[in-house]
Amino acid sequence: MPAPEQVTPPMPARTVLKRLLFYIRPHLGWLFMSVLLTCLQVTAALYVPEYIGRAVDLFTAPPVSFAEVAQNIAALGGLTAAIFFCQWLASVFSQRVSLNTVRNVRIDAFKNLNRVPLAYIDAQSHGDIMSRIALDADQVSDGLIQGFTQLFTGVITAIMTVVFMLRMSVPIALVVMLITPLSLGAAWILARRTVKLHKRHSDKYGELCGTCEELLGNQKIVKAFCYEDFAEKRFDVINQDIKKVGTTAMFLSSLSHPVTRFLNSIVYAAVAVMGAFAVISANQAVAQGSVEIAAFTIGSLSAFLAYAHQFAKPFNEITGIAAELQASFASARRVFAVIDEPPEPSDKELAELQNVSGEVTAEHVAFAYLPDKPLIKDFNLSVQAGNKIAIVGPTGCGKTTLVNLLMRFYDVDSGVIKTDGTDIRTVTRSSLRSNYGMVLQDTWLFGGTIHDNIAYGKADATREEVIAAARQAKCNGFIKRLKDGYDTVISGDGANLSAGQKQLLCIARIMLTRPPMLILDEATSSIDTRTERRIQTAFARIMEGRTTFIIAHRLSTIVDADKILVMNEGDVIESGTHTELLAQGGFYKTLYESGFGE
């Protein structure tokens, strides 16, 4: 039973930014180049309207000087090429920063997943964890980094556009500067209202991934119980929630576009009217001989209209950027929550458990997954080196929990567990676990060759050692019948092998590492009776002189145990050999006579 998920307050936006800057810091060189090129691109883009305005004035003031027109066109061509080159390089550099940053975020998240207590993994939806590392990390890259790049570009564009407009006409520039930022206020109000919606959307997306992972990973069970319709309904409920939340967020975000467009139209109309009056006034002054050259021409008006459009563009885009940033903040919080999850206490300063004989004792052990629901209350155990201990009992009695405590996947709440007289909390987890070999009911194989899967616990094993272990596990025969033998590639979950074959490969791993202590949790549950008889001989050989804990329901795996522990509700209620327990006529006999192990 997993521990409950801890609810923590959301990380402040300022903290998210600081965390992101920490990951960007190693790539500041590329970021600086991107910023520099962006500034050059914006500067070049702002000179384009000026040259267009000059060309317009040349055509409206005959005689037309085609040489000067050609010079302006050449300048425009050079500026366009410079804009393209700078924009391309800036995009390359910013993408480099983005991809390297999200790579490092994923690395830290995955590293911490290997360090957190097992209780955290048990308490989380695996699909949700996958969603955080894959999809949310991408959203951080696409939203925060790319969004801030667009935001920076917009700010530089707005500032430099103001400078160019003030050079041409202070009154018209002031009108543009006063009206346009109103769209920013509208975008900000709407963006604040979408924060919670984006967080809910990310959470629902994680729930959807978890549901898909759960249902797709157990399709045989789904089909066997005719659960397809219910699975589709369950999926549809979550999918509809995502649609509802996403639609609401999109609706609020999209409201700002009409608002900003309306305000921009007012700005455009104001510039056109004021500019037209300025052109008329300037032409009248020239006609009256007050000035030789008009201060504000038709070309100036066309350039000013272009500047007004460029100045409004960042404010138009701020809505999309704000919505993207809010979604990215929500995703960043989810990813950083994985990175910030407290790891298991460090045991680097502890001693290494060496030369283990296999003696195991437990003294007054108490443990609970939930503080108010104790599972193991006062557990005592004494196992001599080389003993074979069988653990039996009804479901939920604490058999698997005992294995978790022996391996220190969970630590006891009180009491002590010792190996060779040493408290297992005083030695490193890796040295403790390396002295155990585990074969579980749920097999696990990774995408790779059969050789690599068998050598999982001993990477430097030779082919001869792997084959010897496979022979002991009685799986050499079916491996040799495969097309590529030990070089056969197993699919991700071993779908190209039968359940029994996968179990045999897991047993071969233990045969290869030959640890001093074994834990067999329903290790032969997926093997047919004939194969089980054959493998019992191999088990007998590997268990010679090794302490073995067997959790099983098949009678054939426990009748010859040195001691059988009968557990119920977290306590050992009976112990002894098979014959002794039957003679006692207690709980074990009741299990036996009710068909236990048949």
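## A buried phenylalanine and its partner

Let's start with one residue in this predicted model. Phenylalanine 367 has a relative accessibility of 4%, so this residue counts as buried. Tyrosine 369 is buried too, with 12% relative accessible area.

## How ring pairs are described

Two aromatic rings can be described as a pair by giving the distance of their centres and the angle of their planes. How many aromatic pairs does the structure hold? There are ten aromatic pairs.

One of them joins phenylalanine 22 and tyrosine 23. Their ring centres are 5.4 Å apart and their planes meet at 85°, so this pair is edge-to-face.

Which residues form one aromatic cluster with Phe22? The cluster is made of Phe22, Tyr23 and Phe336.

Now look at how accessible two of its members are. Phenylalanine 22 has 49% relative accessibility and so counts as partly exposed, because exposed requires a value over 50%. Tyrosine 23, with a relative accessible area of 6%, is buried.

## Charges over rings

Arginine 96 places its charged end over the ring of tryptophan 30, at 4.4 Å from the ring centre. In another place, the ring of phenylalanine 230 has the charged end of lysine 233 sitting over it, 5.8 Å from the centre of the ring.

Notes
Residues are numbered from 1 along each chain as its sequence is written. This is a predicted model: local features need pLDDT of at least 70, side-chain atom pairs count only at pLDDT 80 or more; totals for chains, interfaces and linings use all residues. Side-chain values use heavy atoms; hydrogens and water are left out. Rings of Phe, Tyr and Trp (its six-membered ring) pair if their centres lie within 6.5 Å; planes under 30 degrees apart count as stacked, over 60 as edge-to-face and the rest as tilted. Buried means under 20% relative accessible area, exposed over 50%, partly exposed in between (1.4 Å probe, protein chains only). A charge sits over a ring if NZ of Lys or CZ of Arg is within 6 Å of the ring centre and within 35 degrees of the ring normal.
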